[in-house]
Amino acid sequence: MTTIATLAVAGGTVGALYFTNKSLQATTNQNRFSQQTAITDRFRLAAEQVASEKINVRISGIYLLEHLAKDSPTENATVYAILAAFVRTQTSSAGCPSPPAGSLADIATVRSRETCEL
């Protein structure tokens with residue numbers, strides 16, 4: 001009788017551990033999804049800010065992108081691509097029109113951030 005009771009308790013314990021593990025995996029997956037959603041929202045906000053006509057909003061977007069790169073190293077390539085595209089579209093080259101008024105400050109901000117470790 002004792003052996004049967006011990007086996008029943010052991011079986012119940014294994015079952016409880018199995019369900020606890022499955023619950024933990026589901027929670028971990030949900031947390032990863034939440035983190036990815038937050039990163040996506042921050043990218044959207046940064047992109048909107050960088051596209052703004054107001055210099056202070058654009059600079060804020062540049063700093064937000066820097067924080068994104070620090071907080072999520074896997075997104076560094078995306079951040080650099082966004083900043084490089086921003087610099088390319090906002091600076092003039094031979095034969096092209098001058099950059100929009102006020103854009104030199106935000107370009108300088110991007111260039112100063114390039115020397116810092118992201």
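Predicted model: local features only at pLDDT ≥ 70, side-chain atom pairs only at ≥ 80, totals over all residues.

Modeller: Let's look at helix α3, where Asn76, Val79, Leu83, Phe86, Val87 and Gln90 are buried, meaning under 20% relative accessible area, with exposed being over 50% and partly exposed in between (1.4 Å probe, protein chains only). These residues sit on the same side of α3, because they cover an arc of only 95° around the axis, the arc being that of the directions from the helix axis to the C-beta atoms. An α-helix has 3.6 residues a turn, so residues three or four places apart point the same way.

Residues are numbered from 1 along each chain as its sequence is written, and side-chain values use heavy atoms, leaving out hydrogens and water.

Back to α3: it runs over residues 76–90, and helices here are DSSP runs (H or I, at least four residues), numbered from the N terminus. Its 15 residues reach 21 Å from first C-alpha to last, close to the 21 Å expected at 1.5 Å a residue, that is, 1.5 Å times one less than the number of residues.

α3 also has a partner: its axis and that of α2 (residues 55–71) come within 9 Å and cross at roughly 155°. That makes α2 roughly antiparallel to α3, a label for angles over 145 degrees.

Terms used:
Helix = DSSP H or I, 4+ residues; strand = E, 2+ residues; numbered from the N terminus. Axes fitted to C-alpha atoms, helices over the stretch in contact; angles between N-to-C directions. Parallel < 35°, antiparallel > 145°, perpendicular 65-115°, else oblique.
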